[in-house]
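This report sets out the strand order, the crossovers and the chain contact of one model. Please read it alongside the sequence and coordinates.

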Amino acid sequence: MIYLNLELTDRCNLRCVMCDQAWTANVHDSPDRYMAEETWQTLLEGLAGVDEEISLCPHWLGDPTVHPRFGPMLRWAFDRNGGNRLFRHFKLHTNGVLLDRDDAVETLLDCAAGAEQRQDTFQFVHFSLDAHTADTWRRVKGTGGRRRAYDNVIRLLAERRERGLDWPKVTVAFVVMEENRADAAAFLAHWREELDAYGDGPQVLWDWPVEARDSIYFRRLNHSDQQAADRVHQEVLLELGLIEDGAQARTMDRSF
Amino acid sequence: MTARRRPPCSGLWETPTVHVSGDLTTCCLDDHLRNRLGNLAESTLPELWYGDRIHRWRMAQIEGRFDDSGPHCNRCHWQAAGSYPPDRVREYLERTSVPGAAGRARDSQDEDPNST
């Protein structure tokens with residue numbers, strides 16, 4: 001399996017404290033921009049010639065939902081993926097704030113429900129939430145939008161259930177840092193309840209999601225002082241009762 | 001605590017990453033496209049992802065010559081993508097038919113994992 005990241009845009013609507021995109025001007029050494037639709041189509045058609053199966057993620061440093069043509073470009077990709085000729089899996093990473101625009105949730109589920117592809121093609125939507133209270137959200141994400149993001153996760157869950165779809169699975173992610181650790185317990189309780197209500201019940205993870213289930217993911221911060229970041233991560237997992245005292249948080253050798 | 005021996009990075013095999021312009025690099029940590037392999041408007045993904053340049057970088061990683069791998073790789077803390085497992089390395093060497101390399105890689109992987 002090849003895990004292909006295709007960057008729809010390097011622009012983002014938020015300014016997260018832990019994100020290079022937010023704090024580095026011209027993060028790719030060129031002005032931020034949107035991928036042209038023609039480029040998107042050329043790149044996707046090129047996937048038909050790849051021997052290995054492809055898991056496609058339309059994301060690198062920006063948030064793909066910021067692209068003004070996000071919905072049509074997604075539909076184009078799935079319309080041409082009959083028989084999974086272009087990609088075997090698809091996953092979306094987003095902060096979720098903009099999914100109430102342009103019928104984006106409906107677009108996602110229409111794509112997931114495509115009849116001419118394998119049922120688990122649209123594997124998951126990964127929501128980078130990282131906060132529970134509005135204050136922490138603003139501190140960590142650099143602006144507002146917490147309520148919109150939370151509501152949009154619920155919209156997706158509710159509509160998925162309404163349509164009787166098993167896919168995509170939903171991951172609500174929380175990158176553990178000093179700035180948000182006080183929210184971790186409330187985040188866990190809240191999303192346990194919601195994911196129980198709308199699905200089969202979540203798995204709680206602190207390493208890269210490995211199972212095809214709805215997930216609450218307490219993610220390790222990737223940081224230049226990795227030992228300090230790992231220490232905070234470990235402490236929070238202990239506080240949440242996810243690991244036992246003295247145990248090391250297991251991290252996978254293989255993350256993808 | 002003993003240092004962990006640096007394994008080959010799975011990013012070079014598994015995480016092609018395409019900039020908004022169509023430029024292709026080897027992983028999502030290469031923000032500055034130092035490992036740029038080419039542009040997908042000018043070449044196909046198979047041409048670049050199974051091409052000579054990235055093959056040389058993969059071989060350098062397998063043989064522990066990280067200075068000879070992609071220019072980004074030595075700036076990286078290399079633990080984000082995870083290691084490329086020994087069985088997959090052997091499979092790669094067999095598939096690319098590198099004479100004698102499968103044995104060398106096996107010997108290398110069998111070394112003391114705590115040596116650096």
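The sections below treat the basis of the model, the sheet, its strands, its helices and the contact between the chains.

## Basis

This is a predicted model, in which local features need pLDDT of at least 70 and side-chain atom pairs count only at pLDDT 80 or more, while totals for chains, interfaces and linings use all residues. Residues are numbered from 1 along each chain as its sequence is written, and chains are lettered from A and ligands numbered from 1 in the order in which they are written.

An open sheet of 10 strands, with mixed pairing, runs in the order 6(A)-7(A)-5(A)-4(A)-3(A)-2(A)-1(A)-1(B)-2(B)-3(B). Its edges are strand 6 (203-205) of chain A and strand 3 (38-39) of chain B; each has a single partner strand, so one side of each has no neighbour in the sheet. Strands (E, at least two residues) and helices (H or I, at least four) are DSSP runs numbered from the N terminus, and two strands pair if DSSP finds at least two bridges between them.

Strand 4 (residues 122-128) of chain A has seven of seven residues buried, so it is largely enclosed by the rest of the structure. A residue is buried if 20 or more other C-beta atoms, placed from the backbone, lie within 10 Å of its own, exposed if 12 or fewer, and partly exposed in between. Strand 3 (residues 89-94) of chain A is mostly covered, with five of six residues buried.

Strand 4 of chain A pairs in the parallel sense with strand 3 of chain A over five bridges and, also in the parallel sense over five bridges, with strand 5 (residues 169-175) of chain A. Leu92(A) has Val125(A) as its bridge partner in strand 4, Phe90(A) stands opposite Phe122(A) in strand 4, and His126(A) stands opposite Thr171(A) in strand 5. Strand 2 (residues 54-57) of chain A pairs with strand 3 of chain A in the parallel sense over two bridges; the bridge partner of Leu56(A) in strand 3 is Phe90(A).

## Crossovers and helix packing

Strand 2, helix 3 and strand 3 of chain A form a right-handed β-α-β unit. A crossover is right-handed if, with the strands pointing away from the viewer, the path from the first strand over the helix to the second runs clockwise.

The axes of helix 3 (residues 70-79) and helix 4 of chain A come within 10 Å and cross at roughly 5 degrees. Axes are lines fitted to C-alpha atoms, for helices over the stretch in contact, and angles run from 0 to 180 degrees between N-to-C directions. Phe70(A), Gly71(A), Leu74(A), Arg75(A) and Phe78(A) in helix 3 meet Ala104(A), Thr107(A) and Cys111(A) in helix 4. Contact requires C-beta atoms, placed from the backbone, to lie within 7 Å.

## Contact between the chains

The contact takes 31 residues from chain A and 24 residues from chain B. On the side of chain B that touches chain A, strand 1 (17-18) and helix 2 (45-49) of chain B are the elements that give two or more residues.

Strand 1 (residues 2-6) of chain A and strand 1 of chain B pair in the parallel sense over two bridges, with Thr17(B) as the bridge partner of Asn5(A). Strand 1 of chain B also pairs with strand 2 (residues 23-25) of chain B, in the antiparallel sense over two bridges, where Thr17(B) stands opposite Thr25(B).

Methods. Two residues are in contact if their C-beta atoms, placed from the backbone, lie within 7 Å.
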